[in-house]
Amino acid sequence: MKTVIIHGQSHKGTTYHIARKTADKIGGETTEFFLPKDFGEFCCGCTQCFINSETKCPHFASLSPITKAIDEADVIILASPVYVFHATGAMKSFLDHYGWRWMAHRPDERMFKKQGVCISTAAGAGMRSTNKDMAHSLFFWGVAKIYKYGIGVAAVDWNKVSEKKKQKIEKATSSIANKIRKRNGKVKPGIKTKGFFNIMRLAQKTGWNKADVTYWKEKGWLNKARPWK
């Protein structure tokens with residue numbers, strides 16, 4: 001199995017340790033990227049990725065190594081500490097660059113066979129909304145199965161997290177990793193994903209964006225082909 005971790009920060013705090021622990025328990029090969037160190041560009045809103053091609057994005061080349069790792073992975077882990085009840089600005093800016101890959105535009109069929117994990121931590125609260133930020137992108141990319149794990153660690157340093165909390169984290173990460181391993185190679189999108197895909201399919205039949213319509217036609221998705229088959 002191949003796992004890619006996108007860290008929404010460049011330091012190795014509590015969120016990093018939980019994400020890494022999850023990947024280690026999943027096993028196999030793990031690739032990591034740290035934001036904004038490995039990618040720190042802001043989307044400039046030029047719409048070139050939508051109207052023409054993602055290759056026309058001014059940041060396409062610098063983003064390509066992460067895109068390649070995501071495409072080759074079986075499991076995508078998005079990990080972010082809570083910043084004012086949401087994901088970090090670096091994570092948000094990173095995800096902004098994949099708007100073209102949402103099901104409303106040009107989703108990649110490989111996403112519909114992958115599993116994803118959203119991980120967040122805070123000293124106090126905000127994990128639910130932070131995981132929701134990241135899960136939105138995984139869902140609209142078409143990722144077949146998404147897990148979320150957030151925990152208030154009552155600390156700002158991994159070494160200061162209580163043993164009781166660490167035991168809880170061990171149990172939760174083991175549970176997620178076990179489910180991922182069991183479903184590897186067999187996971188398929190649920191009714192919600194398939195339903196949204198079919199709504200987008202109907203929209204593309206009379207779509208306004210030539211790049212999107214052409215893409216869907218080439219994939220055969222406007223007929224009987226489906227990305228999860």
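A salt bridge is defined here as a side-chain nitrogen of Lys or Arg within 4 Å of a carboxyl oxygen of Asp or Glu. Under this criterion, Asp71, Arg101, Asp108 and Arg110 are joined in a network of salt bridges, and the structure holds 14 salt bridges. The model is predicted, with local features requiring pLDDT of at least 70 and side-chain atom pairs counted only at pLDDT 80 or more, whereas totals for chains, interfaces and linings use all residues. Residues are numbered from 1 along each chain as its sequence is written, and side-chain values use heavy atoms, with hydrogens and water left out.

Arg20 takes part in a salt bridge with Asp24, with 3.1 Å between the closest N and O atoms. Both residues belong to helix H1 (residues 14-26) and are 4 residues apart, about one turn of the helix; helices (H or I, at least four residues) and strands (E, at least two) are DSSP runs numbered from the N terminus. Arg20 also forms a salt bridge with Glu32, at an N to O distance of 2.8 Å. This pair connects distant parts of the chain, from Arg20 in helix H1 to Glu32 in strand S2 (residues 29-34), 12 residues apart.

Relative accessible area was classed as buried (under 20%), exposed (over 50%) or partly exposed (in between), with a 1.4 Å probe and protein chains only. Arg20 is partly exposed at 22%, as are Asp24 at 48% and Glu32 at 23%.

A further salt bridge pairs Glu109 with Lys219 (3.0 Å, N to O). Glu109 lies in the loop between helix H4 (89-96) and strand S4 (115-122), and Lys219 in helix H8 (residues 210-219), 110 residues apart. Glu109 is partly exposed at 29%, and Lys219 is partly exposed at 30%.
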